[in-house]
Amino acid sequence: MTPEILFFSIIALYVSYIDLKYQVIPDAIMFPAITGLFAIMLFQRDDIMLMLLTVMSIFVLFSLPILIGLPFGGGDIRFAIFVALLLPIKGVVLFLMMSGVVHILLLALSREKILGFAPSMTISAIMVYFLHPQIWSLL
């Protein structure tokens with residue numbers, strides 16, 4: 001397992017647990033996590049400008065639900081930025097599609113009417129990290 005997926009998985013699983021239990025994604029975890037993953041990715045990727053453009057795009061895209069009044073929090077934006085640092089651009093596209101589908105499935109399987117989005121993003125991001133070349137080739 002590479003350092004970036006190990007770091008990501010530990011943080012993402014912990015944050016998902018917190019989001020499921022308390023429906024909050026703590027800034028005290030996400031800001032250092034984003035900084036740490038960015039530092040790791042500086043040594044892992046050669047397309048840093050594309051990575052930063054992807055992060056900016058995710059920020060804008062994930063801000064839209066908040067602007068139109070949907071129950072989407074700033075923690076979700078920061079978590080999505082965390083994911084955007086990990087995945088290549090094609091992976092982020094797949095992640096966006098899969099997150100919604102996974103979230104709908106988790107809602108259908110749970111007894112809750114409201115469910116934090118971090119678990120759906122975590123499942124989707126880890127699946128895409130390992131499977132995005134195979135998934136992309138099917139599309």
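Which residues in α4 are buried? They are G75, D76, I77, F79, A80, I81, F82, V83, A84, L85 and L86. Buried means under 20% relative accessible area, exposed means over 50%, and partly exposed lies in between, with a 1.4 Å probe and protein chains only.

This is a predicted model, where local features need pLDDT of at least 70, side-chain atom pairs count only at pLDDT 80 or more, and totals for chains, interfaces and linings use all residues. Residues are numbered from 1 along each chain as its sequence is written, and side-chain values use heavy atoms, with hydrogens and water left out.

Start with the whole chain. The protein chain has six helices and zero strands. Its pattern along the sequence is α-α-α-α-α-α. Helices (H or I, at least four residues) and strands (E, at least two) are DSSP runs, numbered from the N terminus. The C-alpha atoms fill a box of roughly 40 × 35 × 30 Å, taken along the principal axes. The radius of gyration is 14 Å, which agrees with the value near 14 Å for a compact globule of 139 residues. That radius is taken over C-alpha atoms, and the globule rule is 2.2 Å times the number of residues to the power 0.38.

Now look at cover and contacts. Of the 139 residues, 43% count as buried. The protein chain exposes about 7900 Å², and carbon and sulfur atoms supply 75% of that area. Accessible areas come from the Shrake-Rupley method with a 1.4 Å probe; for residues, only the protein chains shown count as cover. Contact means heavy atoms within 4.5 Å. Among contacts between residues at least 6 apart in sequence, 70% join residues at least 24 apart.

Return to α4, residues 74-86. This helix has 13 residues. From first C-alpha to last, α4 reaches 19 Å, close to the 18 Å expected at 1.5 Å a residue. The expected span is 1.5 Å times one less than the number of residues. Helix α4 is mostly covered, with eleven of its 13 residues buried. What do the buried residues of α4 pack against? They pack against α1, α2, α3, α5 (89-109) and α6.

Helix α3 comes next. It has 20 residues and reaches 29 Å from first C-alpha to last, close to the expected 28 Å. Its buried residues are M51, T54, V55, I58, F62, S63 and P65. Seen down the axis of α3, these fall within an arc of 165°, so they line one face of the helix. The arc is that of the directions from the helix axis to the C-beta atoms. The cover over the buried residues of α3 includes α2, α4, α5 and α6. On the other side of α3, M49, L53, M56, V60 and L67 are exposed. S57 also sits in α3. S57 counts as partly exposed because its relative accessibility is 41%. The C-alpha atoms of S57 and I34 are separated by 16 Å, though 23 residues apart along the chain. After α3 comes G69, whose phi is positive, near 90°.

Move to the loop between α2 (27-44) and α3 (48-67), where R45 is found. Is R45 buried or exposed? R45 counts as buried, because its relative accessibility is 13%. Not counting residues up to four places away in sequence, R45 touches M51, A84, L85, L86, L87 and P88. A polar atom of the R45 side chain lies 3.3 Å from the backbone oxygen of L85. The R45 side chain also reaches the backbone oxygen of L87, at 3.2 Å. A polar contact is a pair of N or O atoms within 3.5 Å; within protein, one must be able to donate a hydrogen and the other to accept it, and residues adjacent in sequence count only if both atoms are side-chain atoms.

S124 is in helix α6, residues 118-138. At 0% relative accessibility, S124 counts as buried. Leaving out residues up to four places away in sequence, S124 touches F95, M98, S99 and V102. M1 lies in the segment before α1 (3-22). M1 is exposed, at 75% relative accessible area. Q23 is in the loop between α1 and α2. Phi of Q23 is near 55°, a positive value in a residue other than glycine. Q23 is partly exposed, with a relative accessible area of 44%.
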